[in-house]
Amino acid sequence: SSGINAEYGEPVENYVVQKYIDNPYLIGGRKFDIRCYVLVTSYIPLKVWLYRSGFGRMSNSRYSTDAIEDTYVHLTNVAIQKTAPDYDPEKGCKWSLIQLRMYLMTKHGPEAVETLFRAMDDIFIKSLQSVQKIMINDKHCFELYGYDILIDETLKPWLLEINASPSLTASNQQDYDLKFKLLHDVLTVIDMEGKLSGKEKRVGGFDLMWNDGPVHGEELAMEGMPHPPYSTNTRLGGFNDREINLKGLMRSHTNSVK
């Protein structure tokens, strides 16, 4: 499309069409969204890493559609929530992703939650594939994205937005620890010192989920679960034993140079 109205010869205005999800999943009567971290080290071919840790951002007020203009009810951004009169900076409004996943499993069972998180994997990959051909690809560059996902009451994930260079400002000690380790693992994946073999499927808290095609996980699908279009090598919201993995990688590097 040239962006010109064929009938009148005038420029056509561009609009972004958005849908408000009015049936969000609520925890304690409050709305939340999920922040996930995705590292792209190449667009052509597409190579994508997914970080195991993340967090759920809760609103400070109970959800209601009666006051649609109330940002404390409808927007979960920390920059907004921290200005609420009763906001507690020590407790914050965040749950770790592992806490959130365990909560959902106790409410809905492991099969439903596994299906939800596989659907989120699908969002990560398809969103990147949709822009793959128009992104400037430089083998010396990488990008860390912050994905914001909303879950509705049917456990369907919705993509809210993708943040390039997401904020790494910490709101409390737990948040600081997560982001410090995230940045450490980003630099380890980038491997500027050439210590990795290039064949790793996991580095620290990052799992390689796409390498010019799906990177398959080693575990078998759970009995009775619907099979996803591809089974990716991801553990989003799972146990992040990153230090054990990093020590193993360093031992392998030390042995290889002896």
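Mentor: The side chains of Glu-114 and Arg-118 form a salt bridge, with 3.0 Å from N to O; the term denotes a side-chain nitrogen of Lys or Arg within 4 Å of a carboxyl oxygen of Asp or Glu. This is a predicted model, in which local features need pLDDT of at least 70 and side-chain atom pairs count only at pLDDT 80 or more, while totals for chains, interfaces and linings use all residues. Residues are numbered from 1 along each chain as its sequence is written, and side-chain values use heavy atoms, with hydrogens and water left out.

Glu-114 and Arg-118 both belong to helix H4 (residues 110-131), where they stand 4 residues apart, about one turn of the helix. Helices (H or I, at least four residues) and strands (E, at least two) are DSSP runs, numbered from the N terminus. Both Glu-114 and Arg-118 are buried; buried means under 20% relative accessible area, exposed over 50%, and partly exposed in between, with a 1.4 Å probe and protein chains only.

A second pair is made by Asp-241 and Arg-202, whose side chains meet in a salt bridge of 2.9 Å, N to O. Asp-241 lies in the loop between E9 and helix H6 (242-257) and Arg-202 in strand E8 (residues 202-203), so this pair ties together parts that are 39 residues apart in sequence. Asp-241 has 22% relative accessibility and therefore counts as partly exposed, whereas Arg-202, with a relative accessible area of 16%, is buried. Salt bridges that share partners also join Asp-33, Arg-35, Arg-57 and Asp-148 into one network.

A further salt bridge links Arg-52 with Asp-207, the closest N and O atoms being 2.8 Å apart. Because Arg-52 is in the loop between strand E3 (46-51) and strand E4 (55-58) and Asp-207 is in strand E9 (residues 206-211), the pair ties together parts 155 residues apart in sequence. Both Arg-52 and Asp-207 are buried. Across the whole structure, a search finds 14 salt bridges. In general, side chains of opposite charge can pair when their charged atoms come close.
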